[in-house]
Amino acid sequence: MAVIVRLKAPGGVDQLEVLSVDLPPPGCGEIRLRQTAIGVNSIDIYQRTGLYALPSERIPGVEAVGVVAALGAEVTCLEVGDRVAYAGAPVGAYASERNLPAWRGVKLPAGLPDETVATAFVKGITADMLLSRVFPVVRGTTILVHSAAGGLGQLLTRWASAFGAVVIGTVGSPAKVEAARAAGASHVIVGRAADFAAAVADFTAGRGVDVAYDGVGGATLQKTLACVRPFGVVASIGQSAGPIPLVDVHDLGPRRSLMLARPSVMAHMNDVDAYRRSAERVLAAIADGVLRVGGKAYSLQDAALAQADLEAGLTTGALYLRP
């Protein structure tokens, strides 16, 4: 029997229920994974609320680490006992065991703790996509990272700083300043009501940043547009503060001459070659100590609490579930 967390209907955390189910044997090209650490991400909340539709099984979650327990027919890339991580579709990570396509499993090198990978894998792949595919960040690039003390924010800040970029971060409270600075932020703007556009102008002598990463959404995106230099990029990567209002093309140019990106890490990970390349870079960066983020553990049965804490902004760093 496998323990799963299933969504009864789109809505609040009270719609998540814990069940025990029988799993079928892995199908052709699939593996059975006994999971040891499951990442918790903002996308899981979007799945719960109905912003992103779940498949018929209604199990949220997009990443985990585990041990291969069984192989389906024609699987030659992995063996029983291999320790692997995965991220992306098919969703359904909130489970003690599950079946998934073998090509999704990325074999882990010895020495990388399960919880470290589970808190950094999909966020690291997202950071790799943003720092390389959406806007190539190099030495001297100046970037703005909202929620720089969060799981993704810390990874973006660490990796960009390692490239030699100058990072300006925003955080929701004074208690989160140290986490953002420890991750490498050169400047930290505090408070959700802060005039961060004015602060960015001061930090950059009026030039603006080269690229801004906005996972907050709501009314914040319009303010973020004012932080970016002409011909710079604003990447809208989430909406933790609520739905994103429609953006008038005239807000982008011609006066501002901005480029607005709405990249999907799920689409990025559905490109097999891009997924494997990003995964390799992420694991190498974790092994080298470039990518690290503190993780808070919850039991799988407490998945609703983990999502509630993440949604309320009560956490610093990343969260993961222990089956």
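Reader: What makes two strands a pair, and which residue is the bridge partner of V211 in β12?

Author: Two strands pair if DSSP finds at least two bridges between them. Strands (E, at least two residues) and helices (H or I, at least four) are DSSP runs, numbered from the N terminus. Here V211 has V233 as its bridge partner in β12. Strands β11 (residues 209-214) and β12 (residues 228-236) run parallel and are joined by 5 bridges. A word on the source: this is a predicted model, in which local features need pLDDT of at least 70 and side-chain atom pairs count only at pLDDT 80 or more, while totals for chains, interfaces and linings use all residues. Residues are numbered from 1 along each chain as its sequence is written, and side-chain values use heavy atoms, with hydrogens and water left out.

Reader: What is the order of the strands in the open sheet?

Author: Strands of a sheet pair through backbone hydrogen bonds, either parallel or antiparallel. In this open sheet of 6 strands, the pairing is parallel and the order is β10-β9-β8-β11-β12-β13. β10 (187-190) and β13 (259-261) each have a single partner strand, so one side of each has no neighbour in the sheet. On average, neighbouring strands are turned by 15 degrees against each other, direction ignored.

Reader: Which strands does helix α2 touch?

Author: Contact means heavy atoms within 4.5 Å. Axes are lines fitted to C-alpha atoms, for helices over the stretch in contact, and angles between N-to-C directions run from 0 to 180 degrees. Helix α2 (residues 114-134) packs on the sheet and touches β11, β12 and β13, with its direction at about 150 degrees to that of β12. Helix α3 (residues 151-162) lies across β8 (142-145), β9 (166-171) and β11, and runs at about 170 degrees to β8.

Reader: How many residues are in the largest nonpolar core?

Author: In soluble globular proteins, nonpolar side chains tend to be buried together. A nonpolar core is a set of buried Ala, Val, Leu, Ile, Met, Phe, Trp, Tyr and Cys residues joined through side-chain atoms within 4.5 Å. Buried means under 20% relative accessible area, exposed over 50%, and partly exposed in between (1.4 Å probe, protein chains only). The largest core has 83 residues, and those with the most contacts inside it are Y94, F121, V137, Y213 and L321. Helix α2 gives the most to this core, with 10 residues. A second, separate core of 16 residues includes A199, V209, C227 and V228.

Reader: Why is helix α1 described as largely enclosed?

Author: In helix α1 (residues 42-49), 6 of the 8 residues are buried, so the rest of the structure largely encloses the helix. The buried residues are I43, D44, I45, Y46, Q47 and R48. Their cover includes β1 (2-7), β2 (16-21), β3 (30-40), α7 (265-270) and α9 (303-311). After α1 comes G50, whose phi is positive, near 95 degrees.

Reader: Is V138 buried or partly exposed?

Author: V138 counts as partly exposed, at 47% relative accessibility. V138 sits in the loop between α2 and β8. Not counting residues up to four places away in sequence, V138 touches F163, G164 and A165.

Reader: What kind of ring pair do Y46 and Y52 form?

Author: Rings of Phe, Tyr and Trp (its six-membered ring) pair if their centres lie within 6.5 Å; planes under 30 degrees apart count as stacked, over 60 as edge-to-face and the rest as tilted. By this rule there are 3 aromatic pairs. The rings of Y46 and Y52 have centres 5.6 Å apart and planes at 80 degrees, so this pair is edge-to-face.
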